[in-house]
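This briefing is meant for a reader who is meeting the structure for the first time. Please keep the sequence and the 3D view at hand while reading.

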Amino acid sequence: MATVELRFSALPEHVRTARLVAAAVARRAGVDEAVLDEVRLAVGEACSRAVGLHRNVGITAPVKVSLIEEEKQFSIEVGDEAPHAAPGDPSAAAGDDAEAEEDEMGLAVISGLVDDVEVKAGQDGGLIRMTWPTTPPPVPIP
């Protein structure tokens with residue numbers, strides 16, 4: 001299992017770099033060329049979401065991206081360190097409605113782009129794991 005880790009300051013201008021790196025590693029891992037645009041868009045959305053969460057809360061820690069190549073699949077994990085309120089938590093401020101709606105929209109976009117998505121969130125931060133199937137490289141004929 002090969003893993004590439006990327007950490008970047010929570011600044012919007014770094015999201016493009018994360019997208020480019022993710023697409024390059026996905027291509028090398030064997031993700032179908034027809035799906036690479038979806039990989040780029042999904043990673044861009046997940047990273048933009050993490051950057052927004054960090055900036056809204058004032059967290060200076062970097063956004064973490066792990067690109068994981070396994071035998072028959074390629075996964076990307078985007079992690080943030082922003083505390084997430086549990087759904088229906090009465091302690092969440094009423095002014096957070098617009099942010100929560102934007103967050104839900106971002107997750108809906110990611111879910112529309114990626115068939116296999118897992119979202120974890122808690123007081124210590126959140127993680128979005130997106131997975132795509134890979135095809136093994138062709139075996140050269142001697």
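The model is a predicted one, and its strands form an open sheet of five with the order 1-2-3-5-4 and antiparallel pairing. The edge strands of this sheet are strand 1 (2–8) and strand 4 (116–122), each of which pairs on one side only, and the twist from one strand to the next averages 10°.

**Strand pairing**

- Strand 2 (residues 63–69) pairs with strand 3 in the antiparallel sense over six bridges, and the two form a hairpin with three residues between them.
- Within this part of the sheet, Glu69 stands opposite Phe74 in strand 3.
- Strand 3 also pairs in the antiparallel sense with strand 5 (residues 125–133), here over eight bridges, and the bridge partner of Glu77 in strand 5 is Arg129.
- Strand 4 and strand 5 run antiparallel and are joined by seven bridges, with Gly122 standing opposite Gly125 in strand 5.

**Cover over the sheet**

- Strand 3 (residues 73–80) is mostly covered, since seven of its eight residues are buried, a term that stands for under 20% relative accessible area.
- Helix 2 (residues 36–57) lies across strand 1, strand 2, strand 3 and strand 5, and runs at about 15° to strand 3.

**Salt bridges**

- The count of salt bridges in the model comes to eight.
- One of them joins the side chains of Glu69 and Arg28 at 3.0 Å, N to O, and this pair links distant parts of the chain, with Glu69 in strand 2 and Arg28 in helix 1 (residues 15–29), 41 residues apart.
- Glu69 is partly exposed, with a relative accessible area of 22%, whereas Arg28 is exposed, with a value of 52%.
- Arg40 and Asp37 meet through their side chains in a salt bridge of 2.4 Å, N to O, and both residues lie in helix 2, three residues apart, which is about one turn of the helix.
- Arg40 is partly exposed at 22% relative accessible area, and Asp37 is likewise partly exposed, at 48%.
- Lys120 forms a salt bridge with Glu118, and the closest N and O atoms of the pair are 3.5 Å apart; Lys120 counts as partly exposed at 48% relative accessibility, and Glu118 is partly exposed at 36%.

Definitions and conventions: Residues are numbered from 1 along each chain as its sequence is written. This is a predicted model: local features need pLDDT of at least 70, side-chain atom pairs count only at pLDDT 80 or more; totals for chains, interfaces and linings use all residues. Side-chain values use heavy atoms; hydrogens and water are left out. Buried means under 20% relative accessible area, exposed over 50%, partly exposed in between (1.4 Å probe, protein chains only). Helices (H or I, at least four residues) and strands (E, at least two) are DSSP runs, numbered from the N terminus. Two strands pair if DSSP finds at least two bridges between them. Axes are lines fitted to C-alpha atoms, for helices over the stretch in contact, and angles run from 0 to 180 degrees between N-to-C directions. Contact means heavy atoms within 4.5 Å. A salt bridge is a side-chain nitrogen of Lys or Arg within 4 Å of a carboxyl oxygen of Asp or Glu.
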